[in-house]
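I opened the notebook to record what I looked up in this structure.

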Amino acid sequence: MTQKERQEHSRKEILQAALDEFGAYEYAQVTVDNICARHNISKGMLYHYYAGKDDLFLLCVGDTFEKLSEFVAKNEFLLQDRPALESLMAYYQCREQFFEAHPHRRKIFGCAMLHPPAHLESKLRELRAPVWQRNRQFWQRVVQQYPLRAGLTEEQVTRYLVSLDYAFPTILEQYNQAGTVRDIYDMLQVASEILDMMLFGVMQPQKEEEQK
């Protein structure tokens with residue numbers, strides 16, 4: 001094995017150890033000591049390649065975003081030429097399939113998107129940019145399929161839907177407090193209900209005479 005191959009092997013070993021730790025524990029609970037002790041990695045080797053915990057977390061986030069984007073891109077044909085709600089369901093199903101196949105990446109994704117460590121926010125924002133742009137392009141296509149409520153612009157509605165998209169896993173979890181979601185099919189049924197309300201609202205505005 002050449003020196004370059006050994007270095008690549010060491011980096012992959014450290015990345016996998018960090019993915020396992022950040023994928024199983026909250027950011028505050030993860031330590032370099034635990035990463036090394038639980039995965040038989042020497043501190044000397046780890047610090048030779050990475051500066052510490054924050055460097056490793058950013059590495060995991062960047063790798064997760066990259067792998068997720070690649071997975072969605074490969075399946076993007078499933079999202080095209082469909083009615084908006086069907087396209088949305090295919091989009092969330094695609095993303096859910098990725099996390100089903102890589103469960104340790106779900107917590108990393110959620111932390112980076114919804115509960116980022118404050119001191120890493122600017123760096124995480126840079127890493128999120130490609131994911132944000134892809135989501136924005138997708139939601140723009142959805143918005144263009146429907147007439148908008150009077151007074152709202154395409155830009156406003158797209159911004160609203162992108163912001164909800166980031167929080168969607170948490171919304172789904174809270175909406176399902178009864179615990180009826182047992183598998184991906186149950187999840188998609190609940191997601192369909194939420195997406196329908198997100199797109200089309202939940203209340204009919206009262207007529208002026210009814211408000212008096």
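Entry 1: cavities. I began with the meaning of the word: a cavity is a set of grid points where a 1.4 Å probe fits but cannot get out. The model I searched is a predicted one. I looked for cavities of 30 Å³ or more, and the structure holds two.

I took the largest cavity and found a volume of about 60 Å³. Which residues line the largest cavity? I listed Leu 68, Ser 69, Val 72, Tyr 91, Arg 95, Val 131, Arg 134 and Asn 135. I then checked where the lining comes from: H4, helix H5 (84-101) and H7 each supply at least two of its residues. Sorted by class, the lining of the largest cavity has four nonpolar, two polar and two charged residues.

I went on to the second largest cavity, which holds about 50 Å³ of space. I noted its lining as Phe 22, Tyr 25, Glu 26, Tyr 27, Phe 57, Lys 107, Ile 108 and Cys 111. Helix H6 (residues 104-114) gives the largest share of this lining, three residues. I counted six nonpolar and two charged residues in the lining of the second largest cavity, and no polar ones.

Entry 2: I looked up the second largest pocket and wrote down a volume of about 480 Å³. Its lining has 17 residues, and those nearest the centre are Arg 149, Leu 152, Met 198, Leu 199 and Phe 200. Helix H7 (121-143), helix H8 (154-175) and helix H9 (184-200) are the elements that give two or more residues to this lining. By class, I have 15 nonpolar residues, one polar and one charged for the second largest pocket.

Entry 3: H1 against H2. I turned to helix packing, where two packed helices are described by the angle between their axes and the distance between the axes. Helix H1 (residues 3-24) packs against helix H2 (residues 32-39) at an angle of about 110°, and the axes are 10 Å apart. Angles of 65 to 115 degrees count as roughly perpendicular, and H1 and H2 are therefore roughly perpendicular to each other. I noted the crossing of H1 past H2 as right-handed. Which residues meet here? On the H1 side I found Glu 13, Ala 17, Ala 18, Asp 20 and Glu 21, and on the H2 side Asn 34, Ile 35, Arg 38 and His 39. The contact of H1 with H2 has three nonpolar, two polar and four charged residues.

Entry 4: H1 against H4. I found an angle of about 90° between H1 and helix H4 (residues 53-74), with the axes 9 Å apart. That makes H1 roughly perpendicular to H4. From H1, the residues in this contact are Ile 14, Leu 15, Ala 18, Leu 19 and Phe 22. They meet Lys 53, Leu 56, Phe 57, Leu 59, Cys 60, Asp 63 and Thr 64 in H4. I sorted the contact of H1 with H4 into nine nonpolar, one polar and two charged residues.

Entry 5: H4 against H7. At what angle do H4 and H7 pack? I read about 5°, with the axes 10 Å apart. Angles under 35 degrees count as roughly parallel, and H4 and H7 are therefore roughly parallel to each other. H4 brings Phe 57, Leu 58, Val 61, Gly 62, Phe 65, Ser 69, Val 72 and Ala 73 to the contact. H7 brings Lys 123, Leu 124, Leu 127, Arg 128, Val 131 and Arg 134. By class, I have nine nonpolar, two polar and three charged residues for the contact of H4 with H7.

Definitions and conventions: Residues are numbered from 1 along each chain as its sequence is written. This is a predicted model: local features need pLDDT of at least 70, side-chain atom pairs count only at pLDDT 80 or more; totals for chains, interfaces and linings use all residues. Side-chain values use heavy atoms; hydrogens and water are left out. On a 1 Å grid over the protein atoms alone, a cavity is a set of points where a 1.4 Å probe fits but cannot get out, and a pocket is an open set with protein on both sides within 12 Å along at least five of seven lines; lining residues have an atom within 4 Å of a point. Grid points are joined across faces, edges and corners, and a volume is the space filled by probe spheres set on the points. Helices (H or I, at least four residues) and strands (E, at least two) are DSSP runs, numbered from the N terminus. Ala, Val, Leu, Ile, Met, Phe, Trp, Tyr, Cys and Pro count as nonpolar, Asp, Glu, Lys and Arg as charged, and the others, Gly among them, as polar. Axes are lines fitted to C-alpha atoms, for helices over the stretch in contact, and angles run from 0 to 180 degrees between N-to-C directions. Angles under 35 degrees count as roughly parallel, over 145 as roughly antiparallel, 65 to 115 as roughly perpendicular and the rest as oblique. A crossing is left-handed if the near helix is turned anticlockwise from the far one by less than a right angle, and right-handed if clockwise. Contact means heavy atoms within 4.5 Å.
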